[in-house]
Amino acid sequence: MSDKETIDVYNARAATYADTFARTKPDADLRAFMEAVTPNGDILDLGCGPGNSAAMMQAAGFTVEATDASPEMIRIAREQHEVDARLATFDDISGSDLYDGIWANFSLLHAPKADMPRHLSALRKALKPGGIFHIGLKIGDDANRDKIGRLYSYYQEDELKHLLTNAGFTPRTTRLGAEPGLDGTVAPFIIVLSDG
């Protein structure tokens, strides 16, 4: 993510976000991801936010590389969760066969739609053979800003699965749902767990 307005929102509301989405135990999606990844493997938490998911993965024995584009989120991840997060955008992901799992939980939805194929290809390349990829996005069409100024790119299920397949992933499970976000709006979402 490199959209300045979106990053500014997260910097300004990082503490509120951390409080709103505070979890100390893995939810069903994080449990399913960790169960699918090689035990004690290397995981990339792409868009780690306040770092609580990265902390839970570390506690489960994984080596986690946590990245986010918001300096305030990085600060909270380091100070509150002892996660050695680093500042990075989606464009900073490079390399081959680095990770046993990649957790992209509602982060890539801030990337422009035109960039998604490129980002997914880079993530597939960074995943080790047999690796696991988790992606969470919001369902819809096109792209726009939410009521607090964040850029969102929306996807339909078929569209997302087509993008994943084209990038070399094999979707294995899909979960649909709806829940409120930071702006208070209840929005439908899709979560897909894929093999690399």
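Which residue is the bridge partner of L44 in β4? The bridge partner of L44 in β4 is I102.

## Basis of the model

This is a predicted model, in which local features need pLDDT of at least 70, side-chain atom pairs count only at pLDDT 80 or more, and totals for chains, interfaces and linings use all residues. Residues are numbered from 1 along each chain as its sequence is written, and side-chain values use heavy atoms, with hydrogens and water left out.

Helices (H or I, at least four residues) and strands (E, at least two) are DSSP runs, numbered from the N terminus.

## The sheet

Seven strands make up an open sheet with mixed pairing, in the order β3-β2-β1-β4-β5-β9-β8. The edges are taken by β3 and β8 (170-180), each with a single partner strand, so one side of each has no neighbour in the sheet. Two strands pair if DSSP finds at least two bridges between them.

Strand β4 pairs with β1 in the parallel sense over three bridges. With β5, the pairing of β4 is also parallel, over six bridges, and N105 has G136 as its bridge partner in β5. Six of the seven residues of β4 are buried (under 20% relative accessible area; exposed is over 50%, partly exposed in between; 1.4 Å probe, protein chains only). Strand β4 is therefore largely enclosed by the rest of the structure. Strands β8 and β9 (residues 186-195) pair in the antiparallel sense over 10 bridges; in β9, A187 is the bridge partner of E179.

## Helices across the sheet

Helix α5 (residues 116-126) lies across β1, β4 and β5, running at about 145° to β5. Axes are lines fitted to C-alpha atoms, for helices over the stretch in contact, and angles run from 0 to 180 degrees between N-to-C directions. The buried residues of α5 are M116, H119, L120, L123 and A126. Seen down the axis of α5, these residues fall within an arc of 120°, so they line one face of the helix. The arc is that of the directions from the helix axis to the C-beta atoms. An α-helix has 3.6 residues a turn, so residues three or four places apart point the same way.

The buried residues of α5 pack against β1 (42-46), β4 (99-105), β5 (127-138) and α6 (157-166). Helix α6 lies across β5, β8 and β9, and runs at about 140° to β8.

## Helices α1 and α4

The axes of helix α1 (residues 4-20) and helix α4 (residues 71-81) come within 7 Å and cross at roughly 30°. The two helices are therefore roughly parallel to each other (angles under 35 degrees count as roughly parallel, over 145 as roughly antiparallel, 65 to 115 as roughly perpendicular and the rest as oblique). In α1, I7, Y10, N11, A14, A15, Y17 and A18 meet P71, E72, M73 and I76 in α4. By class, this contact of α1 with α4 has nine nonpolar residues, one polar and one charged. Ala, Val, Leu, Ile, Met, Phe, Trp, Tyr, Cys and Pro count as nonpolar, Asp, Glu, Lys and Arg as charged, and the others, Gly among them, as polar.

The buried residues of α4 are M73, I74, I76 and A77. They cover an arc of only 165° around the axis, which puts them on the same side of α4. Their cover includes α1, β2 (63-68) and β3.

## Two positive phi values

Most residues other than glycine have a negative phi. Just after α4, E82 takes a positive phi of about 55°. E82 is found in the loop between α4 and β3 (86-87) and is exposed, with a relative accessible area of 70%.

F106 also has a positive phi of about 55° although it is not a glycine. F106 sits in the loop between β4 and α5 and is partly exposed, with a relative accessible area of 22%.

## Two buried residues

K138 lies in strand β5 and is buried, with a relative accessible area of 12%. Leaving aside neighbours within four places in sequence, K138 is in contact (heavy atoms within 4.5 Å) with L109, Y152, S153, Y154, Y155, G181, A187, P188 and F189.

F62 lies in the loop between α3 (52-59) and β2, and at 8% relative accessibility F62 counts as buried. Not counting residues up to four places away in sequence, F62 touches M34, V37, T38, P39, N40, G41, I43 and M57. F62 and G101 are 39 residues apart in sequence and 9.7 Å apart in space, C-alpha to C-alpha.
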